[in-house]
Amino acid sequence: MKRREVIRLGTTGLALGALGFGFGRSALAQQKMVLKAADVHPLGYPTVEAVVRLGKKLEAQTEGRLSVQMFPSMQLGGEKEMIEQAQVGALQFARISVGPMGPVVDELNVFNMPFVFRDVPHMQKVIDGAIGDEMLAKLTNSPQSKVVGLAWMDAGARSVYNSKKPIKSIDDLKGLKIRMMGNPIFVDTMNALGGNGIAMGFDQLYSAMQTGVVDGAENNPPSYESGKHFQVAKYYSLTEHLIIPEILIFSRVTWDKLSAADQALLKKVGKEAQLEERKLWADKEKESMDLIKKAGIEVLTFTPDQKKRFQDAVKPVWDKYGGKYADLVKRIQAVN
Ligand code: GTR
């Protein structure tokens, strides 16, 4: 008797538990959710605008059940902090550079190697193709990342700027203190180029240049312009030593609470945002170049021979890190 009761209770308990779980999940799936998004850049910047548009689409396609609240302009700190917040679920979307993601998932570092891409169109083909999908999956499936890789975003090529002197050849970089993103590959790259690489968050950079803690930094034209860096570092040389894609990550903690249909919707709007941002990027890059030239910035370019000196100089960086990524690099090079 006793045993039967226990068995019955056990079964009922289980059935109720399953039912309860069912209710819980569907109730949660029906719940209104405001997804928080962060970016270091201001409203109107291509990556920010693409995520704002993604939010509007989500809202329209879920009849207001899912929406996005954007925190632009480093309101939630630098990218390292944004990654940490996404990992604990305090933030859902974070748009970050692959730069600070490399130390979390080492394979991504292949995109952080100097001159790994021939040019920006080459990088675009790689992230749009099989390698891009694989790298997003690697990020998503890596146990330590605690985030889902949703989409790539364009960020053009990064070039050096400084407050001291025009850099007309690689020799002019000698001894200049140049801020790099927090990843040893970048510090080593700048040191190999003859400068003095200093790792620092994007959020500290403007004042560091203003107070002379660093002489300059390196970035794409939209960041140089919209971050107002051109006001404190007037010499911009198109070294294009790094072409680093950016990435839209989503908190794994929140992801696991979403229904499969919502996850699929997020992936879809993420992919659409990838292509939309690209168009916004192209326009913004032109606009930024015009703005800085109008502001009197001297933009220096290099001949292929001069550029080759920069490429040759980073060989020690490839010797140090390149071996790990050799197979992937071959596949990247084979993308035409
Ligand atoms: C920008 C990029 C940011 C961040 C920043 C930096 O170009 O969009 O994600 O990486 O550079 O230099 O820290």
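Buried, for this talk, means under 20% relative accessible area. Keep that cut-off in mind. The model is predicted.

Overall picture. The protein has 336 residues, and 53% of them count as buried. There are 14 helices and 11 strands. The C-alpha trace spans about 90 × 40 × 40 Å along its principal axes. Now contacts. Take those with a separation of 6 or more: 76% of them join residues 24 or more positions apart.

The surface next. Its accessible area is about 15300 Å². Carbon and sulfur atoms make up 57% of that. As for charge, we have 45 positive and 38 negative side chains. The centres of those two sets are 5 Å apart.

On to the aromatics. The protein has 10 aromatic pairs. I will show two of them. In the pair Phe111 and Trp152, the ring centres are 5.5 Å apart and the planes sit at 65°. Angles over 60 degrees count as edge-to-face, so this pair is edge-to-face. Where are the two residues in the chain? Phe111 is in the loop between α4 (98–101) and α5 (120–128). Trp152 is in strand β4, residues 147–153. Trp152 has a relative accessible area of 0%, so it is buried. Phe111 is also at 0% relative accessibility, and therefore buried.

The second pair is Phe250 and Trp255. Centres are 5.6 Å apart, planes are at 70°, so again the geometry is edge-to-face. Are these two buried or exposed? Phe250 is at 0% relative accessibility, so it counts as buried. Trp255 is at 6%, so it counts as buried too. There is also a cluster: ring pairs link Tyr161, Tyr224, Phe230 and Tyr236.

Now helices, starting with α8, residues 202–210. Its buried residues are Phe202, Leu205, Ala208 and Met209. Why do they share a side? Around the axis they cover an arc of only 95°, which puts them on the same side of α8. What do they pack against? Two groups of partners here. The strands are β5 (158–162), β6 (177–180) and β8 (216–219). The helix is α9 (221–226). After α8 comes Gly212, with a positive phi near 80°.

Compare helix α12, residues 304–313. Here Lys307, Phe310 and Ala313 are the buried residues. Note the lysine in that list. Viewed down the α12 axis, these residues fall within an arc of 120°, so they line one face of the helix. The face turned away from them carries Pro304 and Asp305, both exposed. Cover for the buried residues includes α7 (184–192), β9 (235–242) and α13 (315–321).

Then turn to α8 and its buried side against β5, β6, β8 and α9. Finish on α12, with Pro304 and Asp305 on the face away from its buried side.

Conventions. Residues are numbered from 1 along each chain as its sequence is written. Side-chain values use heavy atoms; hydrogens and water are left out. Helices (H or I, at least four residues) and strands (E, at least two) are DSSP runs, numbered from the N terminus. Buried means under 20% relative accessible area, exposed over 50%, partly exposed in between (1.4 Å probe, protein chains only). Contact means heavy atoms within 4.5 Å. Accessible areas come from the Shrake-Rupley method with a 1.4 Å probe; for residues, only the protein chains shown count as cover. Lys and Arg count as positive and Asp and Glu as negative; His and the chain ends are not counted. The place of a charge is taken as NZ of Lys, CZ of Arg, CG of Asp or CD of Glu. The arc is that of the directions from the helix axis to the C-beta atoms. Rings of Phe, Tyr and Trp (its six-membered ring) pair if their centres lie within 6.5 Å; planes under 30 degrees apart count as stacked, over 60 as edge-to-face and the rest as tilted.
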